[in-house]
Amino acid sequence: MAYPYPAQPSASAPMPPLPTAAIFGPQYCAPYPVDLAVVKKVMTISDGNFAVTDVNGNIVFKVKGSLLTLRDRRVLLDAAGNPITTLRRKIVTMHDRWEAYRGESTHAKDLIFTLKRSSLIQMKTKLDVFLAGNTKEDVCDFKVRGSWLERSCIVYAGESNNIVAQMHKKHTVTSILMDKDHFSVTVYPNVDYAFIVALIVILDETNEDEKD
């Protein structure tokens with residue numbers, strides 16, 4: 001089944017093409033930059049408080065939680081409600097480690113990537129991402145840097161300065177009145193935007209833990 005890409009921005013800045021980085025699948029890699037809007041209902045603790053849309057407001061992804069495990073487990077769904085990845089926190093870890101599995105699995109054979117803090121004490125966001133094949137974890141495959149509080153995080157490829165995605169904060173009267181956290185992310189061409197959204201979900205969870 002062919003998945004339509006999210007709507008293309010009408011006037012997007014030119015970006016250098018990157019080698020296709022399909023983490024969850026080529027259907028999530030568009031040949032142009034993809035702008036996604038992330039809306040989180042700040043005061044909602046029930047499932048489905050995350051919605052990710054394209055520039056036309058069409059739902060692209062949703063996030064489902066688990067009441068049994070509180071914030072230790074999240075499932076990223078596509079627009080039709082099909083599970084793309086299960087995000088699970090490793091409870092006993094010093095570096096706030098999260099693991100992403102294919103679909104609703106949590107079996108080692110279905111591990112896609114691991115994310116962990118690059119240091120224990122952080123004033124700014126510094127997270128390293130290791131794909132499943134990178135078992136030594138000497139060098140990260142992706143890194144996240146910036147300020148989650150300001151929603152200005154950037155995702156880089158490996159230890160390079162090559163940007164693969166960038167977040168932007170959106171302040172609107174509606175978002176303030178409706179008590180919603182609204183920001184956008186630009187995913188560069190040929191980069192798996194489901195993977196980027198999965199990183200954002202984990203970022204949000206680690207930030208909520210810090211506030212608690």
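A residue is called buried when its relative accessible area is under 20%, exposed when that value is over 50%, and partly exposed in between, as calculated with a 1.4 Å probe on protein chains only. The views below come from a predicted model, in which local features need pLDDT of at least 70, side-chain atom pairs count only at pLDDT 80 or more, and totals for chains, interfaces and linings use all residues. Residues are numbered from 1 along each chain as its sequence is written, and side-chain values use heavy atoms, with hydrogens and water left out.

View 1. T186 has its place in strand β12, residues 180-187, where strands (E, at least two residues) and helices (H or I, at least four) are DSSP runs numbered from the N terminus. Because its relative accessibility is 10%, T186 counts as buried, and its side chain is joined to that of D35 by a polar contact of 2.7 Å. Such a contact is a pair of N or O atoms within 3.5 Å; within protein, one must be able to donate a hydrogen and the other to accept it, and residues adjacent in sequence count only if both atoms are side-chain atoms. S184 also lies in strand β12, and at 12% relative accessibility S184 counts as buried.

**View 2. Aromatic pairs.** The whole structure holds 6 aromatic pairs, that is, rings of Phe, Tyr and Trp (its six-membered ring) with centres within 6.5 Å, called stacked if the planes are under 30 degrees apart, edge-to-face if over 60 and tilted otherwise. One of them joins Y28 and Y193 edge-to-face, with 5.8 Å from centre to centre and 85 degrees between the planes. Y28 lies in the segment before β1 (34-41) and Y193 in helix α2 (residues 193-211), so this pair ties together parts that are 165 residues apart in sequence. F113 and F195 also form an edge-to-face pair, at 5.2 Å and 90 degrees; F113 belongs to strand β7 (residues 111-117) and F195 to helix α2, so parts 82 residues apart in sequence are tied together.

**View 3. The largest nonpolar core.** This core has 47 residues, and a nonpolar core is a set of buried Ala, Val, Leu, Ile, Met, Phe, Trp, Tyr and Cys residues joined through side-chain atoms within 4.5 Å. The residues with the most contacts inside it include F113, F195 and I196, and α2 gives the most to this core, with 11 residues.
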